[in-house]
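This report describes how one protein chain is folded. Please keep the sequence and the structure in view while reading.

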Amino acid sequence: MLKRLKIKFVIVIMSIVTLFFGASFGIVMHLTKQNIERESIQMMNAMQFRPPFSPQQQRKPNDIPDNIRLPFFTVTVSEDGSFKAVGSDYYDLTDDKMLSTLMDFVRSSDKQVGMIPEYDLRYMKSARDVPESVVFADISSEKAMIRGLIRNFIITGLIGYAVFFVISLLLAKWVTKPVEKTWNEQKQFIADASHELKTPITVIMTNAEMLSDKSYTQSDREGFTKNILSTTKRMRGLVESLLELARLDNNRTAMIKEIIDYSKLINNCLLPFEPLFYENDMELSSDIDEDIRVEGDKDKLRQVVTILLDNALKYCDKEQPVTVKLRRQSAHCLLSVSGKGSPLSKADCENIFKRFYRVDPSRNDGHSYGLGLSIAESIISEHGGRIWAESENGYNTFWVSLAEK
């Protein structure tokens, strides 16, 4: 899929480049031809309005006004029907047959200004009926200029095409990099979710098969039923966590924003955890600044605090207390949950918020699926805050920063 996406991106870029080059080439060619033709006609017009030649005027064939630069000549028809040609020595003006052919072509045309392709000439009929005269200008230089322009455009276009093709490949790789990352994370997520669901389903199927076996006693069957029930509950927790993540990813969860007493909310979250810590021979201490208020969804922020406390209960050492602090910092407030435990590496601190990530997979007790911190990160991100982890001197600390109101 990603390969097809990159190919489509390159095709789109190169199509745009093709249209741009084609339009630029067409416009430049059109304007250049118009300018050359206009200058040629202007010079021909200047020749047309010169005073007519008289026998007393002794002009030489190369006696050309200063503003006339292109090869041209003028053919005048005398009263006796003979041709008189004056102008540039670029042509053999003594060839009556050629002059007669040119004049016949001009006379057969209704156009005031036209072209004679066989001779690479442009003509302009005189506005005077008597004497009849026609100005001719060479257009071979115009054609040569256009051919050179086309050649230069082709060379420039090929070079530009190659450059833009390389750039489009780099852009395609850069643009699709986030898509590739998301795609890989999605595949990994599906694989991890399938793996996590496969285990409880296998347990349920195995216990159900043994439950249907009449060779087992009633006591054994009751044990199988309990196993099925407990495994189903754990699987329901996993499915609910997956649904919660899906809703957060798609912004489908309705977030009720209000100004809440963050200090009070954290203190309320600590109350149900105190007996749990006590039962596990652990100490839970807190240092909460009073009257800190934030804007957000009360239930979702409570869920974040609960996730952090639940992780501390599961993974912190019993010998040292778990400390919860809430401090004001300029326009923000900073919540920290810290406890001594297995040190987290720098990579662990970055990856621990990924879905299904576990620092030590062997410590999985079946009740945690590595989704809690991912949910917490999504909630804090939705509130415009930041959550991160640090590990120093054996103490792992989770930080949550939110804007104070």
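## A strand covered on both faces

In this predicted model, strand β5 is covered on both of its faces: Ser 133, Val 135 and Ala 137 are buried on one side, and Val 134, Phe 136 and Asp 138 are buried on the other. Buried here means under 20% relative accessible area, exposed means over 50%, and partly exposed lies in between, with a 1.4 Å probe and protein chains only. Strands (E, at least two residues) and helices (H or I, at least four residues) are DSSP runs, numbered from the N terminus. Because six of the six residues of β5 (residues 133-138) are buried, the strand is largely enclosed by the rest of the structure.

Which strands pair with β5? Strand β1 (residues 72-77) pairs with β5 in the antiparallel sense over five bridges, and Phe 72 stands opposite Ala 137. Strand β4 (residues 121-125) also runs antiparallel to β5, joined to it by five bridges; here Ala 137 is the bridge partner of Arg 122. Two strands count as paired if DSSP finds at least two bridges between them. Strands of a sheet pair through backbone hydrogen bonds, either parallel or antiparallel.

## Basis of the description

Residues are numbered from 1 along each chain as its sequence is written. In this predicted model, local features need pLDDT of at least 70 and side-chain atom pairs count only at pLDDT 80 or more, while totals for chains, interfaces and linings use all residues; side-chain values use heavy atoms, with hydrogens and water left out.

## The whole chain

The protein has eight helices and 12 strands. Of its 405 residues, 34% count as buried. Among contacts (heavy atoms within 4.5 Å) between residues at least 6 apart in sequence, 66% join residues at least 24 apart.

## An open sheet and its helices

Five strands form an open sheet in the order β7-β9-β10-β12-β11, with mixed pairing. Its edge strands, β7 (284-288) and β11 (386-392), each pair on one side only. From one strand to the next, the twist averages 15°. Within the sheet, β10 (residues 332-340) and β12 (residues 395-403) are antiparallel and share nine bridges; Leu 334, for example, has Ser 401 in β12 as its bridge partner.

Two helices can be described by their packing on this sheet. Helix α5 (residues 262-279) touches β7, β9 (322-329), β10 and β12, and its direction makes about 170° with that of β7. Helix α8 (residues 372-382) touches β11 and β12, and its direction makes about 130° with that of β11. Axes are lines fitted to C-alpha atoms, for helices over the stretch in contact, and angles run from 0 to 180 degrees between N-to-C directions.

The buried residues of α8 include Leu 373, Ile 375, Ala 376, Ile 379 and Ile 380. After α8 comes Gly 384, which has a positive phi near 75°.

## The nonpolar cores

A nonpolar core is a set of buried Ala, Val, Leu, Ile, Met, Phe, Trp, Tyr and Cys residues joined through side-chain atoms within 4.5 Å. In soluble globular proteins, nonpolar side chains tend to be buried together. The largest core here has 48 residues, and Tyr 262, Ile 266, Val 324 and Val 400 have the most contacts inside it. Its largest share, eight residues, comes from helix α6 (residues 298-315). A second, separate core of 15 residues includes Val 106, Leu 121, Tyr 123 and Val 134.

Leaving aside residues up to four places away in sequence, Val 324 touches several residues, among them Ile 266, Leu 309 and Ser 336. Ser 336 is found in strand β10 and counts as buried because its relative accessible area is 6%.

## Helix α6

How does the span of α6 agree with 1.5 Å a residue? The 18 residues should span 26 Å, and the end C-alpha atoms are 26 Å apart, which agrees. The expected span is 1.5 Å times one less than the number of residues in the helix.

Among the buried residues of α6 are Leu 301, Val 304, Val 305, Leu 308 and Leu 309. Asp 297 caps the N-terminal end of α6, with a side-chain oxygen 3.0 Å from the backbone nitrogen of Asp 299.

## An exposed position

Lys 198 lies in helix α3 (residues 140-211). This lysine counts as exposed because its relative accessibility is 57%.

Notes:
Polar contact = N/O pair within 3.5 Å; in protein donor to acceptor, adjacent residues only side chain to side chain.
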